[in-house]
Amino acid sequence: MIVDAHAPANFHILLLDCIYTTYTVDAVSEKKPACILPPISPAAGPLYQQIVDGLKREISEGRLAEGAALPSFRQLAGELMVSVITVKRAYEDLEREGIILRRQGLGTYVARNGEDRSRQLKTERAGELLRAAIQEAREAGLTEKEISDLFQHIQNDENP
């Protein structure tokens, strides 16, 4: 640093404060969130269920591995701009399903076999939705071939 002998003494302190502040701001801005969930919207259904579904997706797709730490209630609530109670309810549902594990004073983690359990639950849900879709198609008068063709058409649209 170049020091000007004619500059007031407090000028050098101000300069050092600016350098320190810049350093600390840069260090904080590089912090990455523990997990990424899609935006939460009241229009898309219950907020806690959107959190449950988002975490299940992150776990079943392997972005959150077994033993990975999840944000605290307060931290995730702040990131998603929802109440702590909403996050608590979502975590309780996930714990009840065996997908996450909460330890008092230690935090919340993806449970052993959490990925398998999440995938199993999502597979069961997909089956329920497909059964409902087939029932709807039958009620609309579609034949088995037409239902199969519609499924193939939709699948091709999703995976070009």
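Reader: How many salt bridges does the structure hold?
Author: Side chains of opposite charge can pair when their charged atoms come close. In this predicted model, a pair is counted when a side-chain nitrogen of Lys or Arg lies within 4 Å of a carboxyl oxygen of Asp or Glu. Counted in this way, the salt bridges of the structure number ten.

Reader: Are lysine 88 and glutamate 92 buried, partly exposed or exposed?
Author: Buried means under 20% relative accessible area and exposed means over 50%, with partly exposed in between. Lysine 88 has a relative accessibility of 35%, and glutamate 92 has one of 25%. Both values fall between the two limits, so lysine 88 and glutamate 92 count as partly exposed.

Reader: What is the N to O distance in the salt bridge of arginine 125 and glutamate 128?
Author: These two residues lie in helix 5, which covers residues 114–139, and because they are three residues apart there, about one helical turn separates them. Arginine 125 is partly exposed at 47% relative accessibility, and glutamate 128 is partly exposed as well, with a relative accessible area of 44%. Their side chains meet in a salt bridge with an N to O distance of 3.4 Å.

Reader: Is glutamate 144, which meets arginine 138 in a salt bridge, buried or exposed?
Author: The side chains of glutamate 144 and arginine 138 meet at 3.2 Å, N to O. Arginine 138, with a relative accessible area of 44%, is partly exposed. Glutamate 144 has a relative accessibility of 52%, and since the limit for exposed is over 50%, glutamate 144 counts as exposed.

Reader: At about what angle do helix 3 and helix 4 pack?
Author: Two packed helices are described by the angle between their axes and the distance between the axes. For helix 3, residues 73–80, and helix 4, residues 84–96, the axes are 8 Å apart. The crossing of helix 3 and helix 4 is right-handed, and the angle at which they pack is about 115°.

Reader: How many nonpolar residues take part in the contact of helix 3 with helix 4?
Author: From helix 3 come Phe73, Arg74, Leu76 and Ala77, and they meet Val84, Val87, Lys88 and Tyr91 of helix 4. When the residues of this contact are divided by kind, two are charged and none is polar, and the number of nonpolar ones is six.

Reader: Is aspartate 93 buried or exposed, and which residues beyond its neighbours within four places in sequence are in contact with it?
Author: Aspartate 93 has its place in helix 4, and because its relative accessibility is 15%, under the limit of 20%, aspartate 93 counts as buried. The C-alpha atoms of aspartate 93 and tyrosine 48 are separated by 9.1 Å, although the two residues are 45 apart along the chain. Leaving aside neighbours within four places in sequence, the residues in contact with aspartate 93 are Tyr48 and Val52.

Reader: Where is asparagine 113 found, and how far is it from glycine 67 in space?
Author: Asparagine 113 is found in the loop between strand 3, residues 107–110, and helix 5, and it counts as partly exposed because its relative accessible area is 45%. Along the sequence, asparagine 113 and glycine 67 are 46 residues apart, while in space the distance from C-alpha to C-alpha is 9.6 Å.

Reader: In what order do the elements of the protein chain run from the N terminus on?
Author: The secondary structure of the protein chain comes to six helices and three strands. Read from the N terminus on, the order of these elements is α-α-β-α-α-β-β-α-α.

How values were computed: Residues are numbered from 1 along each chain as its sequence is written. This is a predicted model: local features need pLDDT of at least 70, side-chain atom pairs count only at pLDDT 80 or more; totals for chains, interfaces and linings use all residues. Side-chain values use heavy atoms; hydrogens and water are left out. Axes are lines fitted to C-alpha atoms, for helices over the stretch in contact, and angles run from 0 to 180 degrees between N-to-C directions. Helices (H or I, at least four residues) and strands (E, at least two) are DSSP runs, numbered from the N terminus. A crossing is left-handed if the near helix is turned anticlockwise from the far one by less than a right angle, and right-handed if clockwise. Contact means heavy atoms within 4.5 Å. Ala, Val, Leu, Ile, Met, Phe, Trp, Tyr, Cys and Pro count as nonpolar, Asp, Glu, Lys and Arg as charged, and the others, Gly among them, as polar. Buried means under 20% relative accessible area, exposed over 50%, partly exposed in between (1.4 Å probe, protein chains only).
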